[in-house]
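Dear colleague,

Please find below the structure that I am handing over to you. My notes on what was found in it follow directly after it.

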Amino acid sequence: MTKIKIISNPFHKSIVFQKQQPITEVWEEITFESNPNSRLVRENIQKGVLSFHIQEIVDILVAEYDDGTGIDLLFEGNSDEFQELKTFVQSLNNSSISLKKSAYSLTNARDILPEVLSIFDKTQVILPEELEHDAAIQKFQDATKPQIPLLVLGNYSAGKSTFINSLVGYELLPASDQPTTAKIIQIEKFAEKWIEIEGTLLRNKVCIRIDEDGFEVEGDRIDEILVKELEAISQNLPQVSTQLLAGAFLAYFNASEDSDLNLIHVKTAFVNSPLTNSSHRYVIFDTPGSNSSTNLDHVHILRKAMEGMSNGLPIFISEYTSLDTVDNDKLYQELEQIDGIDVRYTILVVNKADTAALSSFQDNQVLNQALPRKLATKRVYFLSSLMGLGAKNGGVFHDSDYERVYQKSLSEFTDLANPYYQKLYSYNILPSQQKLVQDVQAKEEQHLLYANSGLYSLEMEIEVFSTKYAAYNKCLQADQYLKYIIAQTQSIIENSKKNIEEEKVRLENKLTKDKETLVNDLKQQQADFFKSSSSIYQQTLNNEAREEKNYASLQIFSKERDLLWDKAVADFRLRSYQMEMKDSPKQALNNIKNQLGKAWDNKNIELFGSAFVSGLNDTSKVFSKIDDYKNMKAKAKSQVSEQLLAFARFEYIKQVAVAGKDFTSLSIKYWKEQTGEIKDRFSKIIGDATVLSDQKRADIKEIIFQFQQPVLYHDTKQLFDPKSLLEGFRLGNFQLFGDSNKIDLQKLEKAHNNLLKTAYKQINEQLTIQHQETFYKWVEALLHLVTENIVEFSPDLHSTNLLIQDNRVKIEELSTNLQNLHEYSKELHDLMAWKDDEEVANGY
């Protein structure tokens, strides 16, 4: 069989195909260079969404790579994609494809998204203040919000407004065969009962809040004329409700010729759909028709409105008879340039499908038309927005045209006996495995009108996109965000270091030669002290590590072994076995003597034969008793060996913990003594400095004396990870000579103490990193303080010193934050990285 591997990584938007060479068994990537005629190397497949191309990929594999023996297909990716691929392969009538799961896999983005967002939240508290208003970071921050933009596009006569009304669940936008949307309208799902409409009129941001008690206008400057016009609109309505007012006011805003009003923001609850109870915050963008003269002028407004958003889902609306027009070409090209939109997920909605001539419908006929050909993935939904809206509002319309068409068509969607009965979802053009799932869901939906209108299937697909696919974009945004702030933080640190060096040079150039000499003497004293103290410190720790009390003696293992042996003798009844082994030869010999005696007395040859056979049996039993004893003794020795090794491990851990505390206490004591030593050395140099006045010398010596002690860790858990010291502790792997069930105590003692030496070395290295470096930083801070006080306190020099100190503190804080950011980045990469598949490892 031809062996093919699919490696799908949605995090990187890539699908790689490999073929195993039959002789070398080496996997080679299928590329344009190696297989220029293969359809697998097409960009729309290799950069596409695997779930949308499964049937196409399988068809290509069978056509191009099946040599008649079948395809042995290995999949490497996440569990969602594997399950879809598995379902499709199992649905095939032929068995030419054998599918297996690779030992490596990715985690589904939706499963790791909570952890990704948690990592993102942790980064917010350590952002450098220089980046608080960074536009790129603001975009990344917005991208992690649960907003899912739905971009509704298409010809003005395609029924976009009705379609959006069907998603929202009531008549929010006006509907007409003439252009009704002159602005971009942004409709955000809202959890509150009231409705808000926001826009900019006469350069003044206005917000209209509508509830069951009426409306209220808010803004920096309220235009009385605007309020009166809104009141007039309200009074002219045949009846007043929150939804009716919202629709009327929105029509007023949309008709406004104010050049500042290009984007209208509406917040409203969605009604009676899967989107209503979804955790996702949907934001619908209604745009002017692609055949509208103002359409392309609105693209830049749409791009601005989309700033800070990601995971955008483009939804093209078209009538069945308009699929072959080219009005949408330019708009589609513009959309590809908007960062927050991934056109791979574009959905084409054939609206008003209930009025289309679908009796001769064929998938290829639809897909070969102008607009469907543009789609990266062939996903076409057929629906009647009007009937879908009627399913949500119970058939109660405020628009009389809506009401008339709804009542006229209702029986075609709800009456099974109607000769024109319609199930529009059955015409949907989707990847076969998705088509199968959605058709089953639609058939099981109890609300017949909702399902047959096609709206149910589309809304379920929107929810699947938001839950399953949009998470990948959020993960990628978080990864890019971390890389960006790491680079920016590193740049800030480098600039701060540069500023310190520049200010130090400026400061030192202003010192008098005598004061400069004094400072240099202090610096030289610091350098000499560092050199001597470090050497003595290492010698002190090494001497402690060599102390006999820190190691195990042969006697402790010998004593433990004896105790364990006594227990094993009892556990395995060795004394009982030993007695039986000693008694059985005597008993056998007596039996032989007795039987031979009887044979002699009776002069019976048969008795002699019987005595001989019985003797052989008794002798066999003797040897059997000996073997039983040896076997039980071997088991006892094996138990003692295992328990002795466990004892050695426990002693090792206990000894490392005790020694770690001793080493830490010794280190703290040493460096506390050194703080006094360096203070004395600095004080002596200052006391001998004739360049300073008596009062100045006294002041500086007092500053040195009062300078706070360094803070050194007392908790060894903060200095080293005990788990890392246990790695490589494999006493059970020794190659032992002699009795294979018995531990050689001398070898055990040697191995045990060698491990302790290694552990002590690691402890000392950690102490050096923590305590010695902490002390060195403390000495540097003391020297900076002394230097600052040597300088004459002119405002300029003093402020320069303060700037240097502030920058040092800033660098220290930024460096710590940078280290944390690198750790967060590693956590994020680990979440999105390839892992051993536990199901495959366990044989599932």
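Tyr469 is buried in this predicted model, with a relative accessible area of 6%.

Tyr469 itself forms an aromatic pair with Tyr345. The two ring centres are 5.5 Å apart with 40° between the planes, and the pair is tilted. Tyr345 lies in the loop between α10 (329-335) and β14 (347-351) and Tyr469 in helix α17, so parts that are 124 residues apart in sequence are tied together by this pair. Tyr345 counts as buried, because its relative accessibility is 7% and the limit for a buried residue is under 20%.

Ring pairs also link a cluster made up of Phe529, Phe530, Tyr537, Tyr670, Trp671, Phe775, Tyr776 and Trp778. Tyr537, one member of that cluster, is in contact with Thr768. Leaving aside neighbours within four places in sequence, Thr768 also has contacts with Gln538, Leu541 and Glu773. Thr768 is placed in helix α24 (residues 745-790) and counts as buried, at 16% relative accessibility.

A ring also takes part in an arrangement with a charge. The charged end of Arg209 sits over the ring of Trp194, at 3.7 Å from the ring centre.

Turning to the helices, how do α7 and α8 cross? The axes of helix α7 (residues 224-236) and helix α8 (residues 242-255) come within 10 Å, and the crossing angle is roughly 135°. That makes α7 oblique to α8, and the crossing in which α7 passes α8 is right-handed. On the α7 side, the contact is made by Leu226, Glu229, Leu230, Ile233 and Ser234. On the α8 side, Leu245, Ala248, Phe249 and Tyr252 make the contact. An α-helix has 3.6 residues a turn, so residues three or four places apart point the same way.

Helix α6 (residues 160-168) is mostly covered, since nine of its nine residues are buried. Among the buried residues of α6 are Lys160, Phe163, Asn165 and Val168. Just after α6, Gly169 takes a positive phi of about 105°.

Finally, I would draw your attention to a loop residue. Where does Ser96 lie? Ser96 is found in the loop between α3 (79-91) and β5 (97-106). Is Ser96 buried or exposed? Ser96 is buried, with a relative accessible area of 16%. Leaving aside neighbours within four places in sequence, the contacts of Ser96 are with Met1, Val62, Asp66, Gly70 and Ile71.

Yours sincerely

Technical notes
Residues are numbered from 1 along each chain as its sequence is written. This is a predicted model: local features need pLDDT of at least 70, side-chain atom pairs count only at pLDDT 80 or more; totals for chains, interfaces and linings use all residues. Side-chain values use heavy atoms; hydrogens and water are left out. Helices (H or I, at least four residues) and strands (E, at least two) are DSSP runs, numbered from the N terminus. Buried means under 20% relative accessible area, exposed over 50%, partly exposed in between (1.4 Å probe, protein chains only). Contact means heavy atoms within 4.5 Å. Rings of Phe, Tyr and Trp (its six-membered ring) pair if their centres lie within 6.5 Å; planes under 30 degrees apart count as stacked, over 60 as edge-to-face and the rest as tilted. A charge sits over a ring if NZ of Lys or CZ of Arg is within 6 Å of the ring centre and within 35 degrees of the ring normal. Axes are lines fitted to C-alpha atoms, for helices over the stretch in contact, and angles run from 0 to 180 degrees between N-to-C directions. Angles under 35 degrees count as roughly parallel, over 145 as roughly antiparallel, 65 to 115 as roughly perpendicular and the rest as oblique. A crossing is left-handed if the near helix is turned anticlockwise from the far one by less than a right angle, and right-handed if clockwise.
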